[in-house]
Amino acid sequence: MKTADIRSAFLDYFRTKDHTIVPSSSLVPANDPTLLFTNSGMVQFKNVFLGSEKLPYVRAADVQRCLRAGGKHNDLDSVGYTARHHTFFEMLGNWSFGDYFKRDTIGYAWDLLTNVFKLPPERLWVTVYHNDDEAYGIWKDEMGVPAERIVRIGDNKGAPYASDNFWQMADTGPCGPCTEIFYDHGPEIAGGPPGSPDEDGDRYIEIWNLVFMQFDRAPDGTLSPLPAPCVDTGMGLERLAAVLQHVHSNYEIDLFQHLIKVAAELTHTQDLANKSLRVIADHIRACSFLIVDGVLPSNEGRGYVLRRIIRRALRHGWMLGVRGDFFWKMVQPLVEEMGSAYPELAAKQSFVEEALRTEERRFGETLENGMRLFDAVAAKSSGVIPGGDAFRLYDTYGFPVDLTADIARERGLTVDMDGFEQSMKEQQDRSREGGKFEAKGQMPAELASQLKPTAFLGYEVVSSQASKV
Ligand code: ATP
Ligand code: MG
Ligand code: MG
Ligand code: MG
């Protein structure tokens, strides 16, 4: 089953269960300055759960574009390292706003997975919140999942609020236990079942999270039942596609294979399993959709996240030997794969290409020299890239520090982050000083910098170039 068909089969299923199909919202959350990006399907329904917004329907389903590359959820550093994480991904979701609750939620999920998608039930594991006997009982007695594949997950994860299986939107407000469905990809893959010490391996992959929003948490921490319990579910489309296409990694599904083939052609790479191709294929989706949703590369906020992702992709292209621009050429194949599900992507194709090409040319001017500096620093380092060098890479060559850390990680090195912050702070103090000087009207800062001692002058010249990077 192609990814595009899975997307529509999911919606068709919930349509027959009287759900209203709603469009995906933007990656940039509306009316929520606290949230960097839409990181799950529930974001557009937040106010409905809180009770401050009413919808004309009580059941909804959608395919939501999500980004986990900043803020509370950040999977950027997992991309290229696990089989299951992307920065941008699509979340299939269904919701009940005070309508059905645990029994139907679990029943729909099990029916869809085992009867419609025909997943072998013996490969499915479930987790429940440790004291959620109701969910446990539904799985065991009504769905027939044997007790040895139902795992109770307690408050033992050290997470800020509670455990993995208790979902909470914030310190106060709607929250509740969740139950998750995992697929066992088989013993040839490393990793233990959920709840075991090596659960972070990629053998048992979490595919669907069903959240029961049951309580309202008061500021003193006590839980009281919500008048109308709600349901919020999210299933990763790419993870489901991997299961249905009998492949292990998300990157082996049809949609990604197309992008990876094009990346391989553009970078003249033979090995389609090359990690850099996966990263590039992941990042073109994140970057293109961010631009579609109105974000442009910049040095702060969301725009800086975009810039960081683009530059990571370009550095991977560079590693594969590319010395000109290539990344923007991935937009066309992406439109071929996703343009019909997301007409807004197709409509903005040339705008996206142009924005990427501009950023690509800009960074292309310093990437080569930055890599040379990195190599020189790495050659004489004893395992740690000094913060001052990381800062120079940032300030002079436009290397976001997470990019430097990523390159370091590949070579078994780390970056002195405290030293980097210190150098950053020193520069900010200096420019504040420069600003004061200027504010006094005595001399423009630019001119002042030229009067500073030679060593410092060199630095200023370099950093004024950096501001163009
Ligand atoms: P994991 O434990 O594998 O990191 P998660 O528990 O963080 O996943 P949830 O927040 O429960 O994920 O999101 C709901 C679903 O969205 C997951 O069950 C999974 O199918 C999918 N998903 C989550 N993060 C990603 C990602 N980075 N890339 C692709 N799919 C994802
Ligand atoms: Mg996660
Ligand atoms: Mg999880
Ligand atoms: Mg989860």
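Two residues are said to be in contact when heavy atoms of theirs lie within 4.5 Å. That idea runs through everything below. The structure is a predicted model, so local features need pLDDT of at least 70 and side-chain atom pairs count only at pLDDT 80 or more, while totals for chains, interfaces and linings use all residues. Residues are numbered from 1 along each chain as its sequence is written, chains are lettered from A and ligands numbered from 1 in the order in which they are written, and side-chain values use heavy atoms, with hydrogens and water left out.

Of its 469 residues, 56% are buried, where buried means under 20% relative accessible area, exposed means over 50%, and partly exposed is in between (1.4 Å probe, protein chains only). Among the contacts with a separation of 6 or more, 70% are made by residues 24 or more positions apart.

Next come the metals. The magnesium ion (ligand 4) is held by OE atoms of Glu180 and Glu206, at 2.0 to 2.2 Å. Donors here are N, O and S atoms within 2.8 Å of the metal (3.2 Å for Na, K and Ca), and since water is not among the atoms, sites may look incomplete. Glu206 also coordinates the magnesium ion (ligand 3), which sits 3.2 Å from the magnesium ion (ligand 4). The two glutamates bring together distant parts of the chain: Glu180 belongs to strand E9 (residues 173-184) and Glu206 to strand E10 (residues 204-217), 26 residues apart. Glu180 is buried, at a relative accessible area of 6%, whereas Glu206 counts as partly exposed at 26%.

Glu206 turns up again around ligand 1. This ligand has 15 residues around it, and the closest are Asp75, Arg84, His85, Glu206 and Arg239; a residue is taken as near if one of its heavy atoms lies within 4 Å. A polar side-chain atom of Asp75 comes to 2.7 Å from a nitrogen atom of ligand 1. Arg84 places a side-chain N or O atom 2.9 Å from an oxygen atom of the ligand, and Ile207 uses a backbone N or O atom, also 2.9 Å from an oxygen atom of ligand 1. On its own, ligand 1 has 590 Å² of accessible area, and the protein covers 85% of it. Which strand gives the largest share of the shell around ligand 1? That is E10, with four residues. Strand E5 (88-96), E10 and strand E11 (223-236) each supply at least two. By type, the shell splits into four nonpolar, five polar and six charged residues; Ala, Val, Leu, Ile, Met, Phe, Trp, Tyr, Cys and Pro count as nonpolar, Asp, Glu, Lys and Arg as charged, and the others, Gly among them, as polar.

Ile207 deserves a look of its own. This residue is found in strand E10 and counts as buried, at 3% relative accessibility. Beyond residues up to four places away in sequence, Ile207 touches a set of residues including Leu113, Ile181, Phe182, Gly234, Met235 and Arg239.

Two other residues show how side chains can reach across the fold. Arg59, in strand E2 (residues 59-67), is buried at 15% relative accessibility. Its side chain reaches the backbone oxygen of Lys17 at 3.0 Å, and a polar contact of 2.4 Å joins Arg59 to the side chain of Asp99. A polar contact is a pair of N or O atoms within 3.5 Å; within protein, one must be able to donate a hydrogen and the other to accept it, and residues adjacent in sequence count only if both atoms are side-chain atoms. Thr38 sits in the loop between strand E1 (20-21) and helix H2 (46-50). Is Thr38 buried or exposed? Thr38 is buried, with a relative accessible area of 1%. A polar atom of the Thr38 side chain lies 2.8 Å from the backbone oxygen of Ser26.

Conventions:
Areas by Shrake-Rupley, 256 points an atom, 1.4 Å probe, with all protein chains shown as cover.
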